[in-house]
Amino acid sequence: MGDPAGIGPEVVCKAIADMSSDERATTLVVGDPVFMARANALVKAGIAFVPDDGPCRPGEVRLCAVEAPNRDRILPGVLSPDAGEAAYRCVRKGVELARSGAADVLVTASLNKAALRAAGHPYNGHAGLLAHFTGVAKSYAILSCPQLSVIHVSTHVSLAKAAELCRTSLILETIRAGHRHMLTAGVERPRIAVAGLNPHCGEGGLYGSEDDDHVGPAVKAACDEGLLVAGPVPGDVVFQQAVDGRYDLVVAQFHDQGHIPAKLIGRHETVNVTAGLPILRTSVDHGTAFDIAWQGVADHHNMKAAIALARRMRLPKP
């Protein structure tokens, strides 16, 4: 459901309204029944939600009820610790369902990081929550659209910190995580390009030595493991090469290096995927949009894309 003060409940309802009966039969919504009913009425989706532990007739949708605290204090478009707590509880339940095998893939609507922290949960959004609930030390952000897939060595850090994190070991781990992700997406022999950190990959040290000292060695190590990896490739050409079909995945060194081309090229079809988890997870790539929340005008096409990608993903066989 995401943050109930944001657009999550309404984009979920709009996406379900566009589903076939067969798709609804394999969909389980995790959220507060009151907010989901409000969103259902607001967008005139006409969804018949039924309890997840009872019978489900064709066209109906199962709802796993996770009650939000202090519903009357959660207001449309207003940052709230109660809304942050509601989002936290939904993610926790979703992970439980995925880890138990009751769900194959987890799809998340947006939550608000400030609301999450106000509720007493000091995590950097979904990534931190998912790592906490699954017990992994690190996860990786992937943006995926039909034309391009990008994984990031670092994301929510300063540009100065991103340069510090451009190190052989972390780049190699990111390449490996990206390779595993592409296997879940059905690519049997992924072709991976690693973007350079500096302009023109440093021009032999003229513009920085990180590409020679760290990116290149990480690429060589990955190739020695039998992976199909090229790089470092200058950041101003590697994404076009991937769109042209040369690569299946690009490893970006920092947040905006990967996010800008992925969102520009994919627009509403760009989906956020978390790699490195013991479960499969996709998400919308936008925020809670408090400025338009609960007006019935939120665009749900990104949620539809996240669900569509989730249906295609499969954990690779050991």
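Tutor: Domain bounds here come from an automatic or database domain assignment. Please keep in mind that this is a predicted model.

Student: How far apart do the C-alpha centres of domain 1 and domain 2 lie?

Tutor: The protein is divided into domain 1, residues 7–139 + 277–312, and domain 2, residues 140–265. The contact takes seven residues from domain 1 and nine residues from domain 2. Between the C-alpha centres of the two domains the distance is 30 Å.

Student: How much area do domain 1 and domain 2 bury between them?

Tutor: The size of an interface is often given as the accessible area lost when the parts come together. Of the area buried here, 60% is on carbon and sulfur atoms. Domain 1 and domain 2 bury about 640 Å².

Student: In domain 1, which residues lose the most area to domain 2?

Tutor: By class, the side of domain 1 that touches domain 2 has two nonpolar, one polar and four charged residues. Together, the three residues in question account for 58% of what that side buries. They are Lys 138, Ser 139 and Asp 285.

Student: How many salt bridges are counted between domain 1 and domain 2?

Tutor: Across the interface, the rule finds one residue pair in polar contact, both at pLDDT 80 or more. A salt bridge needs a side-chain nitrogen of Lys or Arg within 4 Å of a carboxyl oxygen of Asp or Glu. The count between the two domains is zero.

Student: Which residue caps the N-terminal end of α4?

Tutor: Helix α4 covers residues 81–100, and its 20 residues should span 28 Å at 1.5 Å a residue; the end C-alpha atoms are 29 Å apart, which agrees. At the N-terminal end, a side-chain oxygen lies 3.1 Å from the backbone nitrogen of Asp 82. The residue that provides this cap is Ser 80.

Student: Which residue is joined to Gly 231 by a cis peptide bond?

Tutor: Most peptide bonds are trans. Here omega is about 0°.

Key: Residues numbered from 1 in each chain as written. Predicted model: local features only at pLDDT ≥ 70, side-chain atom pairs only at ≥ 80, totals over all residues. Heavy atoms only, no water. Helix = DSSP H or I, 4+ residues; strand = E, 2+ residues; numbered from the N terminus. Expected span 1.5 Å × (residues − 1). Polar contact = N/O pair within 3.5 Å; in protein donor to acceptor, adjacent residues only side chain to side chain. Contact = heavy atoms within 4.5 Å. Buried area = accessible area lost by both parts, 1.4 Å probe. Nonpolar A, V, L, I, M, F, W, Y, C, P; charged D, E, K, R; others polar.
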